[in-house]
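Here are my notes on the model you sent over. Have it open while you read, and go through the points in order.

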Amino acid sequence: MLAITAVIASFVVSCSGRIRETDESLASKPLQRVIDMFTIQTDNGKVDMRIEARLMEHYENDTLNTDLFPYGISVFSYNDEGLLEAIVLADEARHTTKKDGDKNEVWSAYGNVVIHNVLKMETMETDTIYWDQTKEEIYTDCYVKMYSPEGFMQGNGMRTDDHARNSVLFNPYNGYATVVKDSTAVVIDSVNFIGPFPKKITKFAAPIE
């Protein structure tokens, strides 16, 4: 995600709903709107991340700068060899910075969040994630599905680095599923299994007014 300071401030988010504004002083109309945003972040001349969003709206009040992505966000991260390593997709996202110079950097993304490590072929699905840019960590306390060629897990809570290389699932359910390699068959062995995997549907993109 973008190399700009971000903090979570003045809002409430749940694992089953969208962000609810609690900052009544936030301006009702955006000061800036960017349609079809395309941003590249580089590190020593190499592409590190790419961010795409259909719309970004920038708001300000006395203490906060806020960027909203109401039509979703797509983040693509690359390894040192320049290979696409991880993809993060979400229905909506939010990025907030304090005007007092606080350097605690956190993004939030919510609604059908998908984190996919391309190289490991590992995918996680959840409702809400936070990205702490300072710690280079993605985390959530929501329900998470994690699946890969080796199997399937589910639990409440997850931590991983911002390239989704080392993912840890917390509070796992007793149930599990084992994927049979070189086949689409899945063997289910649990009364606690919550499935099947949801399919992400691409919605018709209406014109932005």
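Predicted model: local features only at pLDDT ≥ 70, side-chain atom pairs only at ≥ 80, totals over all residues.

1. Start with β6 (73-78). On one side of the bookkeeping, β4 and β6 pair in the antiparallel sense, with four bridges. In this pairing, M49 stands opposite S77 of β6.

2. β6 also pairs with β7: the two run antiparallel and are joined by six bridges. Here F76 is the residue that faces I87 across the pairing, I87 being in β7. The two strands make a hairpin with five residues between them. Have a look at G82 in that turn, where phi is positive at about 85°.

3. Is β6 mostly buried or exposed? Five of its six residues are buried, so the strand is largely enclosed by the rest of the structure. The cut-off behind "buried" is a relative accessible area under 20%.

4. Next, the largest nonpolar core, which has 25 residues. Which members touch the most others? They are F69, I73, I115, I129 and M158. Strands that each supply at least two residues to this core include β4 (46-60), β6 and β7 (84-90).

5. Two arginines are worth checking against aromatic rings. The charged end of R50 sits over the ring of F76, 4.0 Å from the ring's centre; this is the F76 that stands opposite I87. R54, in turn, lies over the face of Y71, with 4.6 Å to the ring centre.

6. Last, the aromatics. Searching the whole structure turns up three aromatic pairs. One of them is Y143 with Y173, an edge-to-face pair at 5.9 Å centre to centre with 90° between the planes. Y143 is in strand β11 (residues 137-148) and Y173 is in the loop between β13 (168-169) and β14 (177-179), so this pair ties together parts that are 30 residues apart in sequence.

7. How accessible are those two tyrosines, Y143 and Y173? Y143 has 24% relative accessibility and counts as partly exposed. Y173 is partly exposed too, with a relative accessible area of 29%.

How values were computed: Residues numbered from 1 in each chain as written. Heavy atoms only, no water. Phe/Tyr/Trp six-rings, centres within 6.5 Å; stacked < 30°, edge-to-face > 60°. Buried < 20%, exposed > 50% of the residue type's maximum accessible area, 1.4 Å probe, protein only. Lys NZ or Arg CZ within 6 Å of the ring centre and 35° of its normal. Core = buried A, V, L, I, M, F, W, Y, C linked by side-chain atoms within 4.5 Å. Pairing = 2+ DSSP bridges.
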